[in-house]
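Let's walk through this model together, one element at a time. Keep the viewer open as you read.

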Amino acid sequence: MVEFPILFTERLKLRKPQKDDEQIQKEILQDKEIMRYIGMEPFKTIDDVRNEMKWFIDLVEKGEGIRWIIALKETNECIGDIGFHRLDKRHFKCEIGYKLKRSFWGKGYMTEAGKSALNYAFDKLNVNRIEGLVDPRNLPSIRLLERLGFKKEGILRDYEFERGEFVNLQISSILKREWEKMKNDN
Ligand SMILES: CC(C)(COP(=O)(O)OP(=O)(O)OC[C@H]1O[C@@H](n2cnc3c(N)ncnc32)[C@H](O)[C@@H]1OP(=O)(O)O)[C@@H](O)C(=O)NCCC(=O)NCCS
């Protein structure tokens with residue numbers, strides 16, 4: 001079994017999913033507003049939720065990325081998740097993904113988690129480039145990527161077929177050298 005890394009930030013712990021996160025993950029995955037731009041229908045059953053959480057762990061086990069539960073450091077309560085998928089070792093790149101329970105929006109938690117996760121990806125997943133694919137209407141997500149230093153590259157036209165329609169996705173990225181420079185400048 002591959003060890004699942006844990007990260008700590010000022011207010012947060014990024015850790016492995018556990019059984020008692022299921023209820024909050026269910027709330028998140030069933031929340032229409034959270035799921036609006038994620039490209040998946042809101043989840044219906046607890047089995048779907050369990051499969052999603054199993055995917056978080058499988059990514060690590062299979063060496064295909066990682067997805068942490070974001071928990072409050074003080075209480076260990078799950079408030080969301082963040083991680084990297086589509087890890088492409090040949091080209092040293094991966095894609096970022098994240099969601100936060102609605103009551104925790106607007107408090108800087110994802111920015112805090114994102115900085116720590118990016119450090120991990122550039123240092124330990126050994127990537128040179130991290131991509132963010134976001135629906136252009138998803139302004140909180142676009143603002144988050146900008147805060148983390150991602151640069152917009154363009155629009156992928158009709159890139160996905162969701163809920164009966166083709167949708168454009170904005171592609172942004174950050175490179176390892178840009179991340180290092182940002183850290184040195186701050
Ligand atoms: C994307 C998502 C995680 C962004 O959440 P968020 O709360 O805006 O992001 P953060 O936790 O980093 O908080 C930043 C916001 O808190 C404010 N804030 C308050 N205290 C802060 C602090 N200490 N540090 C940084 N920001 C702080 C910022 O001003 C910012 O708000 P603004 O963008 O209106 O200026 C959230 O909207 C979400 O879960 N969406 C649904 C899932 C989703 O779409 N995922 C992405 C698919 S591509």
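In helix α5 (residues 139-147), Ser141, Leu144 and Leu145 are buried, where buried means that 20 or more other C-beta atoms, placed from the backbone, lie within 10 Å of a residue's own, exposed means 12 or fewer, and partly exposed is in between. These three sit on the same side of α5 because they cover an arc of only 95° around the axis, the arc being that of the directions from the helix axis to the C-beta atoms. Turn to the other side of α5 and you will find Leu139, Pro140 and Arg143, which are exposed. The cover over the buried residues includes α4 (109-123), β6 (129-134) and β8 (165-175). After α5 comes glycine 149, with a positive phi near 100°.

A word on conventions: this is a predicted model, in which local features need pLDDT of at least 70 and side-chain atom pairs count only at pLDDT 80 or more, while totals for chains, interfaces and linings use all residues. Residues are numbered from 1 along each chain as its sequence is written. Helices (H or I, at least four residues) and strands (E, at least two) are DSSP runs, numbered from the N terminus.

Next, strand β4 (residues 78-88). Eight of its eleven residues are buried, so β4 is largely enclosed by the rest of the structure. Strand β3 (residues 66-72) pairs with β4 in the antiparallel sense over six bridges; pairing requires that DSSP finds at least two bridges between two strands. Here arginine 67 faces glycine 83 in β4. Five residues lie between β3 and β4 in their hairpin, and asparagine 76 in the turn has a positive phi of about 70°.

β4 also runs antiparallel to strand β5 (residues 93-100), joined to it by seven bridges. In this pair, aspartate 88 stands opposite lysine 93 in β5. The β4 and β5 hairpin has four residues between the strands, and phenylalanine 92 in its turn has a positive phi of about 55°.

Finally, look at a helix pair. Helix α1 (residues 22-30) and helix α3 (residues 46-61) pack with axes 10 Å apart, at an angle of about 105°. Axes are lines fitted to C-alpha atoms, for helices over the stretch in contact, and angles run from 0 to 180 degrees between N-to-C directions. α1 and α3 are therefore roughly perpendicular to each other, the word for angles of 65 to 115 degrees. Glu22, Gln25, Lys26 and Leu29 of α1 meet Ile46, Val49, Arg50, Glu52 and Met53 of α3, with contact meaning C-beta atoms, placed from the backbone, within 7 Å.

Definitions and conventions
Two residues are in contact if their C-beta atoms, placed from the backbone, lie within 7 Å. Angles under 35 degrees count as roughly parallel, over 145 as roughly antiparallel, 65 to 115 as roughly perpendicular and the rest as oblique.
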